[in-house]
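Dear colleague,

Please find below the structure that I am handing over to you. My notes on what was found in it follow directly after.

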Amino acid sequence: MRHLFRNLPRLSYQAYFLVQTAVVIIGLGFAAGMLTFQLSGNEDPMDEVALDSLFGPVPEEVVDAPHFGWSAPEEFDDYLYFLVNMAEYHVVDEAMLSEVDATDFTDEQKEIARLMLDSFRQGRANATLLQLSEQTPPAPFSNLALGEFWSQQGFLRDAGRAFEAEAQLSGDNDVRERAVNCYLMRDATDDLIRLLETPDYQHLLVEEREYIRHLQAIQERDWPQIIVTTVVLQYDSIVWQIALITLLTGAAWYAFLMHAADLWRDPKALALCAFVLLLGAMSAFATLFVITIQEDYLGFTEKYDLIGGLLYCIAGIGLREELLKLLFFTPMLPLLLRKKSALLALVVAGCVGLGFAVEENMGYFHRSNGMSGPARFLTANFLHISTTALTGYALYRACLTRGRELDYFATMFGMIVFAHGLYDAFLMVPDLMDLGFFAMMVYVLLCYQVFQVLEQVKPATHRRVSLSFVFTVCLSAVFSICLGWATSLIGLSGLMLLGSSTVGVGLIVIVFFKIINEPVH
């Protein structure tokens, strides 16, 4: 081991050693994950289902069946849901309606099923079905059929009301749960508050209680409660493993930045950069409050047309995030101006962006169960680092020259807001999603820009251990941790899932080595 550390400076500039290092680190994570999986006694889903089923494809019995009565569920409520799937993937015709008559359900139930299918065929609720659901008492299953139709058509509030009416008649807890899900997807605050006070529904809303309180606080403009519920919701369901993965991902980028700027020998600079990570995290929380103002009070929400989508991504996402990160960087300006270190200003600003990314990752990693770790490590994390580093450095220069370089700051800030918004637009706006490659081009240009500024402000010294090696270790460690977590849960399927979510950004790894521009051979 001592021999390895003694030769590390030389080996860190050799390509084969970088590959070996990555293989060893990733292999350790995979081995640890598989060992944990075997000891836990879990079953690999690959042993039972095809990998495609993990991504939710259309069931084969729905797609391939020329007729569907042969596989129809025995319970009528399940049968109605089955018909919804059939109507989604097949044209409703007379043959399909005649299959309903071949079932063993009662005549009244068959009539309800035919009326629901006719609603799908017409694209609007069948008048007879509406009458059956509104009579006193409603015909059994009529509101269930109506709720299934409206839910599939996207009229979630109407669907919720129909499911409620059916549950009141039948007492079926599953139908109550469908009503709750409709209201949650619709963010129907009044209905959720009402159900939260209804004994039959309270047990279904235990996990959503804080979310409903948050919606109620927004409705009542109760800002102290909005602040409390926002913080609670951010961490309410995060498991400690996901939080640890998030923090380790941030630590990897912190190590990379400190090595890139050669700050390891400056304890005060290390402490300052660690402190501003908290400022970056606070800016992420501030962003959540601004989103509440923009979307819930001003009605400036995400749009799906080209112009509206671009406007939201640039004037919404790009502007609010870059402005807030910059605002939380400004308290550091007096200290940075006294030190008169452009390098420190660049790195401190970048660490504010890193703090923002770490906080943002908590939610993304939770929703993907850690699977998005390597991809976000390479993309969104360094995007926030780069954009904040560039705008913070430009603001530092404007203040240092007492406004003489204010035009440089204004140009840089405007360019960054536009680039950030454009990056998101290529990933979010339907008309631009087929051009997602251009998002990577925007990202790469930002990376080149921040490394160019780094080389301008950093003293021209030779790094004893290559930056390429540090980047390799950091990226491999993040991938290894996420791989270990995934395989500990679902075995070999974790390797395939994580690999499929990461392979698309493999080109960025090559780009990073090009941008680092070290004599690796």
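**Salt bridges**

At 44% relative accessibility, Asp200 counts as partly exposed; buried means under 20% relative accessible area, exposed over 50%, and partly exposed in between, with a 1.4 Å probe and protein chains only. Please note that this is a predicted model, in which local features need pLDDT of at least 70 and side-chain atom pairs count only at pLDDT 80 or more, while totals for chains, interfaces and linings use all residues. Residues are numbered from 1 along each chain as its sequence is written, and side-chain values use heavy atoms, with hydrogens and water left out.

Asp200 forms a salt bridge with Arg176, and the closest N and O atoms are 3.8 Å apart. The term salt bridge stands for a side-chain nitrogen of Lys or Arg within 4 Å of a carboxyl oxygen of Asp or Glu. This pair links distant parts of the chain, with Asp200 in helix 12 (residues 199-202) and Arg176 in helix 10 (residues 173-186), 24 residues apart. Helices here are DSSP runs (H or I, at least four residues), numbered from the N terminus. Arg176 counts as buried, at 13% relative accessibility.

By this rule, the count comes to 14 salt bridges. Another of them joins Asp191 to Arg157, with the closest N and O atoms 2.7 Å apart. Asp191 lies in helix 11 (residues 189-196) and Arg157 in helix 9 (residues 156-170), 34 residues apart. Asp191 is buried at 2% relative accessibility, whereas Arg157 is partly exposed, with a relative accessible area of 29%.

The side chain of Asp191 also meets that of Arg161 in a salt bridge (2.7 Å, N to O). Here too the pair links distant parts of the chain, Asp191 in helix 11 and Arg161 in helix 9, 30 residues apart. Arg161 is partly exposed at 42% relative accessibility. A network of salt bridges links Arg157, Arg161, Glu164, Asp191 and Arg194.

**Thr230**

Thr230 belongs to helix 14 (residues 223-235). Is Thr230 buried or exposed? Thr230 is buried, since its relative accessible area is 7%. Its side chain reaches the backbone oxygen of Ile226 at 2.6 Å. Leaving aside neighbours within four places in sequence, Thr230 is in contact (heavy atoms within 4.5 Å) with His214, Leu288 and Phe289.

**A cavity and a pocket**

A cavity is a set of points, on a 1 Å grid over the protein atoms alone, where a 1.4 Å probe fits but cannot get out; lining residues have an atom within 4 Å of a point. The count comes to one cavity of 30 Å³ or more. The largest cavity holds about 140 Å³ of space. Its lining has 13 residues, and Leu257, Leu346, Val347, Val450 and Leu454 lie nearest its centre. Helix 15 (240-260), helix 19 (342-367), helix 21 (380-400) and helix 23 (437-457) each supply at least two residues of this lining.

A pocket is an open set with protein on both sides within 12 Å along at least five of seven lines. The second largest pocket contains about 410 Å³ of space. Its lining has 23 residues, and Ala22, Thr472, Leu475, Val509 and Phe513 are the closest to its centre.

Yours sincerely

Terms used: A polar contact is a pair of N or O atoms within 3.5 Å; within protein, one must be able to donate a hydrogen and the other to accept it, and residues adjacent in sequence count only if both atoms are side-chain atoms. Grid points are joined across faces, edges and corners, and a volume is the space filled by probe spheres set on the points.
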